[in-house]
Amino acid sequence: MDTIAAIATAPGGAIGVIRISGKQADAAVEAIFRPASGKQFSVCPPRMLIYGTLFARDGRTIDQCMAVRFPGEKTYTGEPMAELQLHGSPAVLSEALSALFAQGLRQAEAGEFTRRAFLNGKMNLMEAEAVADLVAARTMEAAENAAGQLAGATGGQMHTLRQELVGLAAHFLAVVDYPDEEIEPFFVQQAQSLLERITGQLDVLYQSYERGRILREGLPCAIVGRPNVGKSTLLNGLVGYARAIVTEIAGTTRDTIEETVRIGPLCLRLQDTAGLRDTADPVEKIGVERAQRAAQTAGLVLAVIDGSVPLTDEDREALDWARQAPKALLVVNKCDKPMQAEIPEGFGYVVHVSAKQGQGLDDLRQALLSCAGLEGTIFDGGVITNARQADALRRAAVCCTQAADAVAAGVTPDAVLLDVEGAIGALGELTGEDVREDIIQDIFHRFCVGK
Ligand code: GDP
Ligand code: MG
């Protein structure tokens with residue numbers, strides 16, 4: 001296999017790291033790096049930073065830097081590796097990289113280090129995908145969950161379940177081979193309870209995906225309502241500074257404004273929108289259409305009313321838009337003034353706030369967490385964050401349920417076996433024990449280069 005190299009750090013830092021993996025790692029670094037100790041790089045002690053001089057391919061000195069060897073197979077990729085820690089100048093890094101290429105190394109593809117780790121049995125596929133999640137984590141909780149998965153929390157569990165099903169399949173196979181023999185009633189009972197337990201475990205994990213997706217991608221959240229109820233003031237209150245223009249003039253906000261807000265584990269992609277009303281102003285009209293679209297596409301809608309005045313027809317129309325969203329939360333604003341509005345029906349969450357004075361915003365944050373389903377979740381790796389895993393889990397659970405039903409109905413062992421094998425296949429896709437090459441390619445291509 002080729003020896004690969006890539007810059008692993010983002011541009012702009014004081015230090016830049018080049019990673020190298022493959023049999024030529026030592027030789028390639030030795031050719032371009034001279035340790036200050038005078039020793040050759042390849043005989044320097046492993047896993048220790050070595051200070052020295054780095055040379056470009058034409059022999060010019062380009063850096064005083066650190067290098068480290070990771071010989072043998074106990075490395076991230078399972079192959080000999082090395083790393084260079086250079087000064088972060090993009091010019092230095094690219095010169096160093098091309099000096100390595102001159103030694104026969106090639107540029108690593110996106111995710112190739114982790115793909116090699118997977119192919120060399122260093123981690124299963126769920127753990128490998130957790131690496132990408134960890135790199136991309138936007139909240140502490142997302143990082144914690146990915147770190148838990150990287151440590152094998154769920155991958156290990158899924159491997160164990162698969163092994164149990166393999167054992168069960170072996171038992172059924174033995175029975176299929178001797179069709180004249182009766183299946184022991186004890187075994188039937190055991191098989192059924194095993195399948196039910198596994199289905200339960202798969203379901204719990206599958207159910208976590210809705211939260212996991214929000215954890216990973218954040219949640220688009222549109223603030224909608226008629227003009228002047230305080231939508232922009234609310235956005236500013238949640239964002240923490242005067243992001244949107246606020247005036248007492250209806251129709252102030254005409255374009256949608258987006259801002260990201262973190263509420264604990266929740267990364268909320270807030271959209272302030274133009275107030276929903278019939279208008280002759282062509283610019284405002286476009287804004288209203290955008291607001292309607294935002295209400296339709298957001299995962300969550302904050303429907304805002306002004307609690308200090310009775311509801312108007314414009315309010316009722318705006319609330320109808322809000323109710324179309326998968327999740328909607330009613331915000332009764334201006335609670336610093338006497339309450340005049342009746343509370344409209346159809347909202348599971350109702351929060352009273354004064355966006356202007358900051359009252360009730362903590363309650364609103366709590367309600368948002370709860371509405372997003374993230375309240376009280378423990379992020380230890382037990383939350384599934386990608387669609388591929390969720391789909392495999394769902395299929396595995398369906399197969400297990402069917403197998404359990406078939407056992408209960410006294411269906412012939414070969415029919416049960418078909419479902420058990422289906423579940424084994426789906427779990428194999430999940431852990432990578434049984435997964436197509438093109439799927440592996442696809443997964444790792446979505447990684448960053450250098451990881
Ligand atoms: P939008 O059209 O829904 O975006 O409303 P704005 O945020 O622009 O606010 C419209 C008017 O209502 C402004 O004069 C705000 O100062 C006022 N306002 C917003 N929130 C509150 C509040 O909580 N209490 C009071 N008393 N006034 C508010
Ligand atoms: Mg506004």
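What follows is a chat about a predicted model, its sheet and its ligand.

Colleague: Before we dig in, which features need pLDDT of at least 70?
Modeller: Local features do in this predicted model, while side-chain atom pairs count only at pLDDT 80 or more, and totals for chains, interfaces and linings use all residues. Residues are numbered from 1 along each chain as its sequence is written, chains are lettered from A and ligands numbered from 1 in the order in which they are written, and side-chain values use heavy atoms, with hydrogens and water left out.

Colleague: OK, in what order do the seven strands of the open sheet sit?
Modeller: They go E3-E4-E5-E6-E2-E1-E7, with mixed pairing. Strands are DSSP runs of E, at least two residues, numbered from the N terminus, and two of them pair if DSSP finds at least two bridges between them.

Colleague: Which strands stand at the edges?
Modeller: E3 (33–35) and E7 (106–107); each has a single partner strand, so one side of each has no neighbour in the sheet.

Colleague: And how many bridges join E5 to E6?
Modeller: Five, with E5 (residues 61–70) and E6 (residues 81–87) running antiparallel. Arginine 69, for instance, has alanine 82 in E6 as its bridge partner.

Colleague: Switching to ligand 1: how many residues surround it?
Modeller: 18, and Asn228, Gly230, Lys231, Thr233 and Asp336 are the closest. To count, a residue needs a heavy atom within 4 Å of the ligand.

Colleague: What lies 2.8 Å from an oxygen atom of ligand 1?
Modeller: A backbone N or O atom of lysine 231. Serine 354 has a polar side-chain atom 3.1 Å from a ligand 1 oxygen atom.

Conventions:
Helices (H or I, at least four residues) and strands (E, at least two) are DSSP runs, numbered from the N terminus. A polar contact is a pair of N or O atoms within 3.5 Å; within protein, one must be able to donate a hydrogen and the other to accept it, and residues adjacent in sequence count only if both atoms are side-chain atoms.
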